[in-house]
Amino acid sequence: MKYIGFICVFFGLFTVLDAQAQNDSLPLSQKQKVYTFLIDDNIDPRMNRRVRLALEDAKSKEADLIIIEMDTYGGAVNDADDIRTMILELDRPIHVWINKDAASAGALISVACDSIYMAPGASIGAATVVMGGGGDAAPDKYQSYMRSMMRSTAEAKGRDPKIAEAMVDQNLEIEGITEKGSVITFSVSEAIANGFSEGQANSMKELVEEKLGISDYEIIAYDASGVEDVIAFFLNPVVSGFLILIIFAGIYFEIQTPGVGFPIAASITAIILYFIPYYLTGLASNWEIAVFILGVVLLLVELFVIPGFGIFGILGIICILVGLTLGMLPNDAFDFTFVPTGELFGALLTVLLAALAAMGLIFYMAPKVNKWRAFSSIALAGTQNRDEGYTSTLYASDLIGQEGITHTRLMPSGKILIGDEIYDAYSRGEFIDKGEKIKVISTEGTSLRVRKLEG
């Protein structure tokens with residue numbers, strides 16, 4: 001009998017240890033990862049990129065669910081469609097909390113989510129497609145496309161497709177909801193009553209804990225990377241204008257001082273820094289960059305191949321300006337329907353002011369460049385001997401008033417021929433073709449300043 005007590009104690013201890021081992025083998029409860037990001041600006045290529053990066057980041061961080069905080073008046077239909085498609089194809093729950101407005105494209109994106117919650121005073125609807133100026137309705141082909149997307153998206157999420165369509169089409173009449181002549185815009189209570197909102201939430205915390213019923217969780221907010229901050233910096237119109245100035249000035253001074261390398265290197269760097277941020281955000285497309293490059297090629301052909309300044313030079317300048325301007329805009333080829341008037345005017349103003357500033361810099365600096373001995377020494381490809389027709393780089397004042405002809409084209413600097421001697425020279429800013437009669441008006445440093453003789 002004395003062993004019975006010992007055996008009972010042994011089996012009791014074994015049972016406790018076995019139970020503890022089983023408990024240890026159970027998975028520990030993990031906090032749910034709630035990923036959040038903002039749609040708080042116009043729906044355009046930049047927002048399209050933000051949403052794509054945020055969804056990719058949510059997947060990489062293995063988020064259990066995603067919540068969009070929405071406050072937008074809408075934007076471009078094509079970008080809204082891209083965002084809608086990304087949301088519909090997502091492999092995890094995604095909800096939207098309308099903090100204030102979900103109008104137009106914002107309504108479409110909201111309907112694509114698994115559930116819609118709204119803050120007090122928020123609204124959803126008014127999805128009629130409007131022009132870039134924000135006033136007149138867009139042509140019917142865009143309205144038809146938007147109606148179709150609203151219907152199909154509502155059907156996919158179990159919402160009334162007719163109500164979704166009536167958010168776009170003012171001619172639809174739904175008894176008890178809307179009359180003909182106005183599109184639907186729901187308040188919080190109206191959206192809940194008609195199945196376009198699952199409820200009201202005063203805050204993100206209330207939404208997660210009370211509406212979604214999640215108590216153990218962590219919030220992961222989308223944080224743009226340093227690369228995105230750099231891109232945003234170069235998208236600033238002031239920075240873009242400064243880069244355009246460098247582009248024009250760099251190309252010009254490289255033509256004037258061939259072989260130096262620094263001006264063209266600065267210009268190429270500015271071109272890269274200008275176009276890459278706009279390209280990554282979907283604003284600059286391949287054909288717009290190609291138009292810019294074509295413009296540069298046409299301008300070089302005009303300067304070095306075809307004498308004078310005619311059609312190639314004009315087309316080149318136009319192509320360069322068009323490429324730079326369109327690269328800043330969310331246009332669809334030459335369709336500017338959804339380009340806000342302010343953005344269009346801002347892009348044109350930025351490019352034109354930068355081009356004018358570059359011209360001013362060129363006319364101010366061109367005469368001085370010829371005096372920079374450093375440029376002359378770097379650009380010199382060989383020795384200019386007197387028996388080859390060259391003279392000293394320091395010219396006597398008795399050359400003033402002498403007449404000759406241009407030995408090379410002056411752009412505005414180049415070489416002239418007086419008698420049998422070749423001299424470095426530059427004009428007063430204008431281009432003078434090869435073989436034109438000129439007159440020396442001053443001797444400044446290592447170059448002669450000349451003007452073209454008429455007749």
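**Exercise 1. Locate Tyr 73 and decide whether this residue is buried or exposed.**

Step 1. Tyr 73 is found in the loop between strand S2 and helix H3, where helices (H or I, at least four residues) and strands (E, at least two) are DSSP runs, numbered from the N terminus. The model is a predicted one, in which local features need pLDDT of at least 70 and side-chain atom pairs count only at pLDDT 80 or more, while totals for chains, interfaces and linings use all residues. Residues are numbered from 1 along each chain as its sequence is written, and side-chain values use heavy atoms, with hydrogens and water left out.

Step 2. The relative accessible area of Tyr 73 is 61%, so Tyr 73 is exposed; the classes are buried (under 20% relative accessible area), exposed (over 50%) and partly exposed (in between), with a 1.4 Å probe and protein chains only.

Step 3. Leaving aside neighbours within four places in sequence, Tyr 73 is in contact (heavy atoms within 4.5 Å) with Asp 101, Ala 103 and Ser 104. The side chains of Tyr 73 and Asp 101 also make a polar contact, at 3.5 Å; this term stands for a pair of N or O atoms within 3.5 Å, of which, within protein, one must be able to donate a hydrogen and the other to accept it, and residues adjacent in sequence count only if both atoms are side-chain atoms.

Step 4. From C-alpha to C-alpha, Tyr 73 and Ala 102 are 6.3 Å apart in space, although 29 residues separate them in sequence.

**Exercise 2. Trace how strand S2 is joined to strands S1 and S3.**

Step 1. Strand S2 covers residues 65-72, and six of its eight residues are buried.

Step 2. Strand S1 (residues 32-39) runs parallel to S2, and six bridges join the two; two strands pair if DSSP finds at least two bridges between them. Ile 39, for instance, has Met 70 in S2 as its bridge partner. Between S1 and S2 the chain passes through helix H2 (residues 45-60) in a right-handed β-α-β crossover, a term which means that, with the strands pointing away from the viewer, the path from the first strand over the helix to the second runs clockwise.

Step 3. On to strand S3 (residues 94-103), S2 is again joined by six bridges in a parallel arrangement, and Glu 69 has Trp 97 in S3 as its bridge partner. The chain crosses from S2 to S3 through helix H3 (residues 77-88), and this β-α-β crossover is right-handed.

**Exercise 3. Find which residues of helix H9 are buried, and explain on which side they lie.**

Step 1. Helix H9 (residues 226-234) has Glu 228, Ile 231 and Phe 234 as its buried residues.

Step 2. These residues lie on the same side of H9 because they cover an arc of only 125° around the axis, the arc being that of the directions from the helix axis to the C-beta atoms.

**Exercise 4. Describe the pairing of strands S9 and S10.**

Step 1. Strand S9 (residues 403-406) and strand S10 (residues 413-418) are antiparallel and pair over two bridges; the partner of Ile 405 in S10 is Leu 417.
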